[in-house]
Amino acid sequence: MQKLEIKNFNLFYENFHAIKNINLSIQEKEITAFIGPSGCGKSTLLKSINRMNDLVDGCRINGEILFNGQNIYEKTNLNILRKKIGMIFQKPNPFPMSIYDNIAFAPKTHGIKNKVKLNEIVEESLKKAAIWDDVKDRLHKSALGLSGGQQQRLCIARSLAISPEILLMDEPTSALDPISTIKIEDLILELKKHHTIIIVTHNMQQAARISDKTAFFLLGEVVEFGETRQIFSKPKEKKTEDYITGRFG
């Protein structure tokens, strides 16, 4: 089932054409990887999916991004949109407060005040992010005392606390060690059972390991999009093959 459709989408920063006529269909409960060299538009498109680029001066768009059939750039409540489409950043960014308050912050913002309900949300979110056993005895201690990998899982739990339908992940393991990376990848595969996930990654092996579909970006355009297995074994475009095999330049 189609969850997100990007149609004839263009984005400009002043006179710079950063994203050029993107057309993609993202299926529900699949992992879609965006790959390509630095500066090719991957993260820019990712941020456009929950309208984070609205915050950038001089940014303008044309085209459509349809979420559950509704264009997010028309009559959209941004608080509700960002509740349904969560974002995980490259560098873990826990709030400078307790582990508990990191998770409870968004539900409180969206009107949940009942302590019992908040306790349930905190526990459930931390369990879904596979970090509950690590932190259950230190919930009221600072989140900044966690390791890098734990902080990233905490940030994922924080997004899960408001039950998003889509999770956007921008290089979520690039700042982590190999063991933490494997744990996050295992977590992403588990989260796919209930969420649609789009991940930007420079790690070709990671894209091959965890994604169902892959889009290869170059100079603001999607050069190739399809099943990950096909993209990595028999790419249709020579530019895609050169990038995957390391001959790109």
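Let's start with K117, which sits in helix α4, covering residues 115–128. A quick word on terms: helices (H or I, at least four residues) and strands (E, at least two) are DSSP runs, numbered from the N terminus. K117 has a relative accessibility of 41%, so it counts as partly exposed. On that scale, buried means under 20% relative accessible area, exposed means over 50%, and partly exposed is in between, using a 1.4 Å probe and protein chains only. If you look from K117 to A104, 13 residues apart along the chain, their C-alpha atoms are separated by 9.9 Å.

Before we go on, please remember that this is a predicted model, where local features need pLDDT of at least 70 and side-chain atom pairs count only at pLDDT 80 or more, while totals for chains, interfaces and linings use all residues. Residues are numbered from 1 along each chain as its sequence is written, and side-chain values use heavy atoms, with hydrogens and water left out.

Now, A104 brings us to helix α3, residues 99–109. Which residues of α3 are buried? They are I99, Y100, N102, I103, A104, A106 and P107. And what covers them? The cover includes α4, α5 (132–135) and α6 (148–160).

Most residues other than glycine have a negative phi. N21 is not a glycine, yet its phi is positive, about 50°. You will find N21 in strand β2, residues 16–27, and at 46% relative accessibility N21 is partly exposed. A130 is also not a glycine, and its phi is positive at about 55°. A130 lies in the loop between α4 and α5, and its relative accessible area of 47% makes A130 partly exposed.

Let's zoom out to the whole protein. How many helices and strands does the protein have? There are 10 helices and 10 strands. The radius of gyration is 18 Å, close to the 18 Å that the globule rule gives for 249 residues, so the protein is as compact as a globular protein of that length. Here the radius of gyration is taken over C-alpha atoms, and the globule rule is 2.2 Å times the number of residues to the power 0.38. Along the principal axes, the C-alpha atoms fill a box of roughly 55 × 40 × 35 Å. Of the 249 residues, 50% count as buried.

What about contacts? A contact means heavy atoms within 4.5 Å. Among contacts between residues at least 6 apart in sequence, 68% join residues at least 24 apart.

F216 lies in strand β9, residues 213–218. Is F216 buried or exposed? With 0% relative accessibility, F216 counts as buried. Leaving out residues up to four places away in sequence, F216 touches a list of residues including I35, G36, P37, V222, V223 and Y243. N10, on the other hand, is 206 residues from F216 in sequence and 17 Å from F216 in space, C-alpha to C-alpha.

Next, two glutamates. E185 is in helix α7, residues 178–191, and at 5% relative accessibility E185 is buried. Setting aside residues up to four places away in sequence, E185 touches Q206, R209 and I210. E165 is found in the loop between α6 and β7 (166–170), and with a relative accessible area of 25% E165 is partly exposed. E165 and T196 are 31 residues apart in sequence, and their C-alpha atoms are 6.3 Å apart in space.

Finally, the cysteines. A disulfide is a covalent bond between the sulfur atoms of two cysteines. In this model, a disulfide is a pair of cysteine sulfur atoms within 2.5 Å. How many disulfides does the structure hold? The structure holds 0. Take C59: the closest cysteine sulfur, in C40, is 17 Å from the sulfur of C59, too far for a bond. C59 is partly exposed at 22% relative accessibility, whereas C155 is buried, with a relative accessible area of 4%.
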